[in-house]
Amino acid sequence: MSDSMMESLQDSAAQPRWYAIQCKGGESFRAAENLHNQAFEVFHPVLEVQKKRSGRLSWVKEPLFPYYLFIRLDRIASNWRPIRSTRGVLKLVVFGNEPVPVSDALIELLQQNACAQQDDIKANVYFRAGETVEITEGPFEELQAIFESQKGEERAIVLLNMLHRQQRLEMPISRLRRAT
């Protein structure tokens, strides 16, 4: 092999690339924090979603890829050894014995989408317009309605069939659940 070919191989190995890390169950946030504290460049894409907890809707962050995150390393200068023993990390994703880089274009796209989601106004993702919901409390308890829209953070507008017509009602989102 010529010297120029050897130099180009070393240059490509020295270029930082993104790799996937598999995390222990439910510990991707812990793994990301611990890797970041060790000065690794980490990308952990998350989504903000609405969840019902104790009868109230709240916004929580969930990993886009449960059990996975991405780390930027180069094959020559980066010290890969501490990764295995980092709390929350299960292993580096490999095929055979070689870690396989993730496309830079894919990571850039995920990063752009993560920024776009943070810029968007929070939208109700718990119920979708046109979805059938069941009213769980109040005078219309156990009746089914059509979810129309969210009004503010904790109120919803639903369409309820009464007197042979669809009536628009405003009520707390916490009084709704998906119809079964």
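Mentor: Two strands count as paired if DSSP finds at least two bridges between them. The elements themselves are DSSP runs, numbered from the N terminus: helices are H or I with at least four residues, strands are E with at least two. This is a predicted model, in which local features need pLDDT of at least 70 and side-chain atom pairs count only at pLDDT 80 or more, while totals for chains, interfaces and linings use all residues. Residues are numbered from 1 along each chain as its sequence is written, and side-chain values use heavy atoms, with hydrogens and water left out.

Trainee: Over how many bridges do strand β12 and β13 pair, and in what sense?

Mentor: Strand β12, residues 155–162, is antiparallel to β13, and eight bridges join the two. Two residues lie between the strands of this hairpin, and Leu163 has a positive phi near 55°.

Trainee: How should I read a positive phi?

Mentor: Most residues other than glycine have a negative phi.

Trainee: Is Ala39 buried or exposed?

Mentor: Relative accessible area decides the matter: buried is under 20%, exposed is over 50%, and partly exposed lies in between (1.4 Å probe, protein chains only). Ala39 is exposed because its relative accessibility is 71%. Glu142, at 62%, is exposed as well.

Trainee: Where is the place of Gln167, and which residues does Gln167 touch?

Mentor: Gln167 lies in strand β13, which covers residues 165–172. A contact means heavy atoms within 4.5 Å. Leaving aside residues up to four places away in sequence, Gln167 touches Val158, Leu159, Leu160 and Met162. The relative accessible area of Gln167 is 25%, so this residue is partly exposed.

Trainee: In what order do the five strands form the open sheet?

Mentor: The order is β13-β12-β11-β10-β14, with antiparallel pairing. The edges are held by β13 and β14 (176–178), each with a single partner strand, so one side of each has no neighbour in the sheet. On average, neighbouring strands of this sheet are turned by 45° against each other, direction ignored; axes here are lines fitted to C-alpha atoms, for helices over the stretch in contact, and angles run from 0 to 180 degrees between N-to-C directions. Within the sheet, strand β10 (residues 132–135) pairs with strand β11 (residues 144–151) in the antiparallel sense over three bridges. Thr132 has Ile146 in β11 as its bridge partner.

Trainee: How are aromatic pairs to be read?

Mentor: Rings of Phe, Tyr and Trp (its six-membered ring) pair if their centres lie within 6.5 Å; planes under 30 degrees apart are stacked, over 60 edge-to-face, and the rest tilted. By this rule there are five aromatic pairs. One of them joins Tyr19 and Trp80 edge-to-face, at 5.1 Å centre to centre and 65° between the planes. The two partners are 61 residues apart, with Tyr19 in strand β1 (residues 17–23) and Trp80 in the loop between β5 (68–73) and α3 (81–84). Tyr19 is buried because its relative accessibility is 2%.

Another pair, Phe43 with Phe70, is stacked, with 6.3 Å centre to centre and 25° between the planes. Phe43 is in strand β2 (residues 41–43) and Phe70 in strand β5, so this pair ties together parts 27 residues apart in sequence. Both Phe43 and Phe70 are buried. Ring pairs also link Trp18, Phe43, Phe65 and Phe70 into a cluster.

Trainee: What is the mean pLDDT of the protein chain?

Mentor: pLDDT is the predictor's confidence in each residue, from 0 to 100. The mean for the protein chain is 83, and 85% of its residues reach 70 or more. Residues 5–9 have pLDDT below 50, and the model gives this stretch two contacts beyond near neighbours in sequence. Over residues 119–124 pLDDT likewise stays under 50, with eight contacts beyond four places in sequence.
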